[in-house]
Every structure is written in structure tokens, then in C-alpha cells.
Amino acid sequence: MSSVSSVDTRFMAAAERLARRGLGRVWPNPAVAALIVKEGEAGPVLVGRGVTSRPGMAHAEVNALRHAGELARNATCYVTLEPCSHYGRTPPCSLALIEAGVTRVVIGILDPNPRVAGRGAQMLRDAGVAVEIGVREREIRDLYHGFTLRQLKQRPHVFLKLAVSRDGYIGRAGEGQVKISGPLSMRKVHGFRAEYDAILVGSGTALADDPQLTCRLPGLAERSPVRVIVDRCARIPLESKLVRTCVDVPVWLICGNDADPEKIEFLTAAGVNVIRVPAGDCAIEPGVILSALATRGITRVMVEGGARMASSFLEADLVDDLCVVTGDLEIGEDGISALHDLALADVYRDPKFEKIDAGKFDADSFIYLRRRGA
């Protein structure tokens, strides 16, 4: 019979909040948090906490044990994801918990990684440690959706963000994209960027807008994601902002196998990571793009433009989350549709999506959709 209590739920919620701070920072590893809690005279006391370090460094459980020291003996560990059971770049976290004398481990969800998948929990039980699994399971599955997709479907979680005018356009013919969102909406978008491993745009957006695609919130510049350009023919200019800043924030260019070798050589020399993939006559398929990203460790990708790229991901049924910000601006004649060959109203009505949030960012409005069952 389960011995999960309201105290367990409270500490797991705290661990989940702590883990979310690591999103976008520790890929290809999942952003895990662990809390070491000991029973005191006035109730349970937090004596140690830890989060996943950069790849190749200590995992959350080991960091929490180091923080707790000797107080970890006979304590409970709350951890958002099942402790690992195998030797990789670091020793197994399950073994570290056993050796530290932890007597109870409360786990959010089991690790979908086939090398773990219940083995960590079983290692703990075999050593006499009490194990509880599935505390705040729904919320924590959401936290690890991208990690799970990469393990089981060889693709990252896809978040599509659109900014549209009041009459449903993203720009004006001859001018490209125009400023639609207000300051609060833009701050929210930059906050999204800080939580994703990569941000992706098509060549049209890269050529027309010459974007930076960084996180420009105060104090969060270092949280800027990998910037990915899908550019079948490698047309992006060497003098573009993306190429000129690729030493500071990584830029990956996904191009066709038949792209100009000389241009690729120049881009590589500038510091761009060029990824060649099979390409059709007109475009690179979204599934090919996501497979290339997953192979390189990306678990969460934010797609920001443009209309063709957004449509292609929706048509391929590869969008997990969708946020549409509608500004107060009306573009009128010569407007560029938000989606190349789809109607936004049809996307809103698509039964595979459910609305999970909606509201206002000052004068702008937003709607947030999520794939059902995700």
C-alpha cells in the first residue's frame, strides 16, 4: 500500500519547480532536481538540494547528497526522475543514494531511457530502500516530455510560437515581418527562449529579418538557446547577425546534401555548425530536421518562423505546443498570412489540440494550445 502523503506531494512540487530552472541548460540530459529531507522535532526539514549539472558533471542526486553531507543518512530523497542505474560519464545515482544511507526515495516518474527504465528503482529496493513512484506524475511527465520523445521517438518536443496581427497576418508584402507584439509579449517570448535547447527559423525569416534569436532578458543572455537555421541551399550571408555572433551563441545550419560546398566551407570557417541532410526539390522535411536535432542531443526546440516553416510542422503533425500572440495592430491589404497554406482558425478547431491557457499581455492577447495526451 502506498505511503505517499501530502508532505510528499509538497516536496515533490518544490523539486519540480527547482528542476524547471534547468530547462534549456543541461541537454542532452534531463533537468532533474533532488531534495534531501530529514524528520526533525517540528516536522520534516530540508537538509540538501541539488540539480543536474552540465553534461559530464554530477547529477542532481549527487549534488543534493553533497549538500546534505552526513544528514543524508536515514533521510528521504525526493527526485523528479528515477535515479540512474548505469555507469556513463558519472557513476549510478542509485548507488550514491544507497551508499549515503538514504532510507526512502520518492520518485516523480520512471526514466524512459531504456538503460534505466525501472532498474534504478529496483536497485534501491534490492538494497532495502523504500521507494515510491508517481508523485505529481502528470506535471512531471510534462516537464520531461522532450526528453521522453527523444528517447522513444528520436525527436525533440516542438513548441511553435506565432505573433499575428489583429487581422491574422505576420507581415506585409514587400516589407517582410512587421513589429506586432508589445513589450510585455516580447519579454514573454524571450522567457520562452531561455527554457528551450534550440530555436529554429527557416531561411526566409533569416534572410528577410536578419534576426539575432537570442534571449535578451536582463541577466539571462547566457540562457540563449542554440540557434538553428533551416536553409536548404545555404544562402545565409556571412555578414548576417547570426553568422557574425556564432562564436558567442552557437549557430547550426541545416542544409541539403547538395548545398554549395564552397559556401559551406566559408560558413564552417566562420564557426557555424553545418548539418547536411537529405532534401527534397523544394524543402527539408520537418521529420528530417527533428531527427538531426535529436541525434545531436536537442530535447526541446522552439520554432519561431516563418509561415512556410510553421505550416510544414503543423501539416506533418509534429507540433506539441502552440502559442499564438495576437497584437492590436491591423495590417490590412498585402498582409502575409500567418500560415502558408493553412487557416489559423482551422488549427484552433483541430481536435488534437486543447486550450490550456489564454489571456492578455497588456494590449496583446494570447492563446496556448497543447497536443491532447502529451
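## Burial and surface

In this predicted model, 53% of the 374 residues in the chain are buried. The accessible surface of the chain is about 17,200 Å², and carbon and sulfur atoms account for 50% of that area.

Charged side chains number 47 positive and 46 negative. The centres of these two sets are 4 Å apart.

## Overall fold and dimensions

The chain contains 13 helices and 17 strands. Its radius of gyration is 23 Å, close to the 21 Å given by the globule rule for 374 residues, so the chain is as compact as a globular protein of that length. The C-alpha trace spans about 70 × 45 × 35 Å along its principal axes.

Of the contacts between residues at least 6 apart in sequence, 72% join residues at least 24 apart.

## Nonpolar cores

The largest nonpolar core consists of 46 residues. Ile36, Cys77, Val105 and Tyr144 have the most contacts inside this core. At least two core residues come from each of the following elements: helices H1 (6-20), H2 (60-68), H3 (93-100), H4 (119-126) and H5 (137-143), together with strands S1 (33-40), S3 (76-81) and S4 (104-109).

With neighbours within four places in sequence left aside, Cys77 is in contact with Ala34, Leu35 and Ile36, with Leu97, and with Val102, Arg104, Val105 and Val106. Two of these partners, Ile36 and Val105, are also listed with Cys77 among the residues with the most contacts inside the core.

Another core, of 38 residues, lies apart from the largest one. Its members include Leu162, Ala307, Ala310 and Leu318.

Methods
Residues are numbered from 1 along each chain as its sequence is written. This is a predicted model: local features need pLDDT of at least 70, side-chain atom pairs count only at pLDDT 80 or more; totals for chains, interfaces and linings use all residues. Side-chain values use heavy atoms; hydrogens and water are left out. Helices (H or I, at least four residues) and strands (E, at least two) are DSSP runs, numbered from the N terminus. The radius of gyration is taken over C-alpha atoms; the globule rule is 2.2 Å times the number of residues to the power 0.38. Buried means under 20% relative accessible area, exposed over 50%, partly exposed in between (1.4 Å probe, protein chains only). Contact means heavy atoms within 4.5 Å. Accessible areas come from the Shrake-Rupley method with a 1.4 Å probe; for residues, only the protein chains shown count as cover. Lys and Arg count as positive and Asp and Glu as negative; His and the chain ends are not counted. The place of a charge is taken as NZ of Lys, CZ of Arg, CG of Asp or CD of Glu. A nonpolar core is a set of buried Ala, Val, Leu, Ile, Met, Phe, Trp, Tyr and Cys residues joined through side-chain atoms within 4.5 Å.
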